[in-house]
Each structure stands twice: as structure tokens, then as C-alpha cells.
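Subject: Structure handover

Hello,

Here is the structure I promised to pass on. Please open it first, then read my notes beside it.

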Amino acid sequence: MAAVEDNRKETRRQRLAVLGSTGSIGTQTLEVVRAWPELFEVEMLAAHRNWELLARQAEEFEPDAVVIADERYYEPLSAALAHLPIKVYAGAEAAAASVVSSGVDTVVSAMVGFAGLAPTLAAIRAGKKIALANKETLVVAGGLVMEEARRCQAPIIPVDSEHSAIFQCLVGEAAQSVKRLVLTASGGAFRDTPLSALSRMTAADALKHPCWEMGRKITVDCATMMNKGFEVIEARWLFDLPGDRIDVVVHPQSVVHSFVEFDDGAFKAQLGVPDMRLPIQYALTFPYRLSVEGAVAFEPALCGGLTFDAPDGEKYPALGLAYEVLEGRYGEGGGCVMNAANEVAVAEFLEGSIRFTDIYKVVRRALEASVSGGGLCPEGPVRTLESYEACDARVRDYVRRELLPEFVIKG
């Protein structure tokens, strides 16, 4: 290990653009940079609206540029950084423009939701290495993204703990020997909540994840298991396997991060305590492994029992939607419709406007409308960034205008 570390220290530092630097994955990426300043430097930071934390990050890491997507916060951010030689940009397009800089080697794609698609695609087309934490990029446009990655020879290394686990299990294995992938799921905040009580659960309840510290949106997605459905779609594209060869099991201990089954019946799994710094750092340093500062060691003798159960389809109907999307039931734009409707519905739930159980209902209704002449996706193939952007905008408008009034809690 020492020889590997020494070899890496002698090379030029890897220059990072961190999209979503103020979120959970972004802040933990910067923890990795702090731990290994001789290996990494920050070239660009981008955030949605948390300009104060972005300014503090910029003062510490002194990137060449920062981007605040919400233009309302450009002035205070610019003023806060006026004493430093850091370029300050604003607007959704600025992040996509910044990642193609020749000064960037690796793009950590950790923006939340559809907003991550355009800058990630721009980075891929510029041939950058992608450390992918934004699963929505592949949920919405997996075919386009992977086609462009192959064409531009841009490596994509997953950061999600489940996909990182599969990636690690596949190193050195022949792709044709893979029989099945098994993604593990914690079950989210309502794993032990009776089905009959779910409609009464609040946003505060949903945000109490039993294992992981994550952002608000993804934590709610874990509670509905929409997130696991997204991960099934993500795995389909990352590892080029059909949905009927990707399974999900509920694993409350969150120690086994996923399995790979091979044709000879052998299983490989990656295990470890829940700590997102490990998959983040592995994506940045692959094929090398380095110590994770302050990480809690996994002790097999002390972990107790490890249990695995099939997910309850009644309790987690959103998971089934993902398989329906993969089957093509909702056309080429199904993933885009599913994601857009979910983003709107989750935001409304977090505001207390709709019930927890209505998130799934809104998403299903939007998907059904997309194939019943509703015109939610453009006519013709949905295979370009522009067509996905048009579909996303139409779905959001439809959900807000046509569906939400039916579900908004009265009184």
C-alpha cells in the first residue's frame, strides 16, 4: 500500500470539479480532498442556492471558479469572494460550461435531480472522468449518456454505495460471466412502520433514515423506495444488464452494499460500515485504494446477524414502477417522466402539501398520462438533451397544474 500511495503522490494532483458541492456527497468529497491534499485539488465548485457554504468552501479550497445555479444569489456570493481571484458565475448553463475546462480532470456529479444531466453530459462530451453520484442522469437519459461515454471514451465510475459495490465486485471478472445483480436496500425510515400508518407520516418522520446521513430529497426517496427503483435503472445502464437480471433485497443492517451472482453460482459482495467517503474516494482513486481518515472499521465478529428480505410490493409500490419503466411500458421517455413527477411530488410532500402515500400516486398518474395521449413527451424519439429537457418541463407543468390540486391536503 505504501508503494502505491508514494507512486500517486509523485504524479500531478487530480483536478476536480464538484457539482453539488454543498450537498451530502459534495461535502464528503471535500473531506476526501482535505485528507489527501497531495493527490487532489479543487478546480471548480457548483451549488444550487447555498451560497454561504459555497463561499466558505471557495475560501478554503481556492478553486478557479464557482457557480451558483440560482441567479438570485450571484451578488452576495460575488461580494463574499471579491477579495479572492476566483471567477464567479451564475445560472444553470454555467455549470455545464465550466466542467469542460481544460483545467478539470474529474467531475464529481453530485447535483440533485434532473439538474445534473446537462453538466454531466457536457463533461462526458469533453472526455472527462465522471464520478457519478447523480443517479437521475441515467434514470432520465441512460441510453444517451452511456452512448456518449463510449463515443468520447469518458470513464464513468459510480459513487452510489450499491453501484460502487457492484463495480468493485466486477473488477477482474468477465462481463459475460455475470448472471445477476442484487442491490441491497435499508428499507428507509418506514421499514418497520405498518402499511396502514404510512398516510399519516410527515416529512419529519420520513427524514429519520435509520442508517445513512443524506440530503432531504434522497432520504424521502429511500422511504418510498423510489430511490431503489432509480438504482435498478441506473444499474441497467451502468452494467448493461436487463431489468429481469437485477433484483432488490431489504437488508436492514446496511453492511452488505450489494451482490453479484455469477454463472457458476458464486456470489461476491462488498461489505463495510455505512460511510459514503469510501465509494467517493474509490471512484477518485480507482484502481488504487487509500485509507479513509477516521473511518470506523468493520468487524465481522461484532456485526451480529445479517438479514435479507424481499421488498414488500404493497408497502413500496414505487419500486415496481421502475421495472415497468425498464420494460418500456411508458416509452422512451418513461424514466424522464418518472423522475420529473417524483421531484415535484417529493418537494410538495416536504412542504407538507401532500401525503407521503400520494408521492407514488402522483408519479403513477403522470406515467399513465404520458402514454394516453397526454403529450407529456415530444413527438418522436426522446434521445437528445433538448428532447429530455422539453419532456421534463412538460411533466412538471402537468403535475403542478393537473394532478397536485387533487392531492393537496385541505385545511
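Helices here are DSSP runs of H or I with at least four residues, and they are numbered from the N terminus. Lys 228 sits in one of these, helix α11, which covers residues 226-239. Keep in mind that this is a predicted model.

**The chain as a whole**

The chain holds 16 helices and eleven strands. The C-alpha trace spans about 55 × 55 × 40 Å along its principal axes.

How much of the chain is buried? Of its 411 residues, 55% count as buried. The chain exposes about 17500 Å². Carbon and sulfur atoms supply 51% of that area.

Now look at the contacts between residues at least 6 apart in sequence. Of these, 68% join residues at least 24 apart.

**Around helix α11**

Back to Lys 228. Is Lys 228 buried or exposed? Its relative accessibility is 6%, and buried means under 20%, so Lys 228 counts as buried. Leaving out residues up to four places away in sequence, Lys 228 touches Glu 162, Leu 183, Thr 184, Ala 185, Val 248 and Leu 319.

Met 225 is in the loop between α10 (216-224) and α11. Met 225 is not a glycine, yet its phi is positive, about 65°. Met 225 is buried too, with a relative accessible area of 2%.

His 209 belongs to the loop between α9 (203-206) and α10. At 12% relative accessibility, His 209 counts as buried. What does His 209 touch, if residues up to four places away in sequence are not counted? The list is Ser 186, Gly 188, Ala 189, Met 214, Thr 219 and Cys 222. Ser 164 is 45 residues from His 209 in sequence. In space, their C-alpha atoms are 21 Å apart.

Helix α14 takes in residues 334-350, which is 17 residues. From first C-alpha to last, α14 reaches 24 Å. That is close to the 24 Å expected at 1.5 Å a residue. In α14, 15 of the 17 residues are buried, so the helix is largely enclosed by the rest of the structure. Gly 352 follows α14, and its phi is positive, near 85°.

Val 395 lies in helix α16, residues 385-407. Val 395 has a relative accessible area of 0%, so it is buried. Which residues does Val 395 touch, not counting those up to four places away in sequence? They are Val 337, Ala 340, Ala 341 and Leu 376. Take Ala 341 from that list. Ala 341 and Val 395 are 54 residues apart along the chain, but their C-alpha atoms are separated by 6.4 Å.

**Helix α3**

Helix α3 runs over residues 51-61. Its buried residues are Leu 53, Leu 54, Ala 55, Gln 57, Ala 58 and Phe 61. What covers them? The cover includes helices α2 (24-35) and α4 (74-80), along with strands β2 (40-47) and β3 (65-68). Glu 62 comes after α3 and has a positive phi, near 50°.

**Backbone details to find**

- Ser 254 is in the loop between β9 (246-250) and β10 (256-262). Ser 254 is not a glycine, but its phi is positive, about 50°. At 6% relative accessibility, Ser 254 counts as buried.
- Phe 286 and Pro 287 are joined by a cis peptide bond, with omega about 10°. Pro 287 is in the loop between α12 (277-285) and α13 (317-326).

**A patch on the surface**

Last, turn to the outside. Leu 271, Leu 306 and Phe 308 form a nonpolar surface patch. Together they have about 220 Å² of accessible area. Leu 271 is in strand β11, residues 267-271. Its relative accessible area is 37%, and Leu 271 is therefore partly exposed.

Best wishes

Key
Residues numbered from 1 in each chain as written. Predicted model: local features only at pLDDT ≥ 70, side-chain atom pairs only at ≥ 80, totals over all residues. Heavy atoms only, no water. Helix = DSSP H or I, 4+ residues; strand = E, 2+ residues; numbered from the N terminus. Buried < 20%, exposed > 50% of the residue type's maximum accessible area, 1.4 Å probe, protein only. Contact = heavy atoms within 4.5 Å. Patch = residues over 30% accessible without salt bridge, like charges linked within 9 Å, V, L, I, M, F, W, Y side chains within 5 Å. Areas by Shrake-Rupley, 256 points an atom, 1.4 Å probe, with all protein chains shown as cover. Salt bridge = Lys/Arg side-chain N within 4 Å of Asp/Glu carboxyl O. Expected span 1.5 Å × (residues − 1).
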